[in-house]
Amino acid sequence: MSTLRVSPRKASLCPVWHVAVELTERDSVKVRNAVVEVAGLCYGNYDGVCFETAAGIQYFRPLSGSQGGEQAETVGLPVRVLTFSIPRDEELLSKVIDAIVDVHSYEEPVIHISEAMATRAATEAGKDNPNRWWNRGFAHYTELGRPGDREKP
């Protein structure tokens, strides 16, 4: 049972599953699109909300019973980590895991799942906030960085 006793005035807290998936560049778009299709990845008034890191190195050594068979050497591959949150609903989590496994190129996709809390801002209260992008002279949020539209695999 949670002992969390916070009461922010400008946001609320929601229980979520926080999911992190290690993936190669070729898996990135397929996995992201599959998860968005199943779960929507809604965060307040936005959908498709997720974060993908720059590439790092994932190390592994296939063992007996793996598709490639046992290997003597450890392999290092460049991978990224896609993270997102979904409502703490076990049926939805099951669908998300199945969607990832269906499109991921790995025999054993690396998926980490944690119980977490996520904020939801009281958006009406911040409409006139001078720090918001719409009050800072940007015509659209895509001027802040590259457009984040859903790419085709």
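Visitor: What is the relative accessible area of Arg88?

Guide: This is a predicted model: local features need pLDDT of at least 70, side-chain atom pairs count only at pLDDT 80 or more, and totals for chains, interfaces and linings use all residues. Residues are numbered from 1 along each chain as its sequence is written, and side-chain values use heavy atoms, with hydrogens and water left out. Buried means under 20% relative accessible area, exposed over 50%, and partly exposed in between (1.4 Å probe, protein chains only). Arg88 counts as partly exposed because its relative accessible area is 34%.

Visitor: Which residue meets Arg88 in a salt bridge?

Guide: A salt bridge puts a side-chain nitrogen of Lys or Arg within 4 Å of a carboxyl oxygen of Asp or Glu. For Arg88, the N to O distance to the side chain of Glu115 is 3.5 Å. The pair links distant parts of the chain, 27 residues apart: Arg88 in the loop between strand 4 and helix 2, Glu115 in strand 5. At 58% relative accessibility, the partner counts as exposed; it is Glu115.

Visitor: How many residues apart in sequence are the parts that Arg80 and Glu25 tie together?

Guide: The two side chains form a salt bridge, 3.7 Å from N to O. Arg80 lies in strand 4 (residues 75-87) and Glu25 in helix 1 (residues 25-39), so the bridged parts are 55 residues apart. Helices (H or I, at least four residues) and strands (E, at least two) are DSSP runs, numbered from the N terminus.

Visitor: Which residue joins Glu25 and Arg80 in a network of salt bridges?

Guide: The whole structure holds five salt bridges. Glu25 and Arg80 belong to a network of them.

Visitor: Is His104 buried or exposed?

Guide: His104 sits in the loop between helix 2 (90-103) and strand 5 (111-121). Leaving out residues up to four places away in sequence, it touches Val21, Glu22, Leu23, Asp27, Val31 and Pro109 (contact: heavy atoms within 4.5 Å). Its relative accessible area is 6%, so His104 is buried.

Visitor: What is the relative accessible area of Asn135?

Guide: Asn135 lies in the segment after strand 5. Not counting residues up to four places away in sequence, it touches Lys127, Asp128, Asn129 and Pro130. Asn135 is partly exposed because its relative accessible area is 36%.

Visitor: Which residue forms a salt bridge with Glu70?

Guide: The closest N and O atoms of the pair are 3.7 Å apart. Glu70 is exposed at 52%. The partner is partly exposed, at 36%; it is Arg61.
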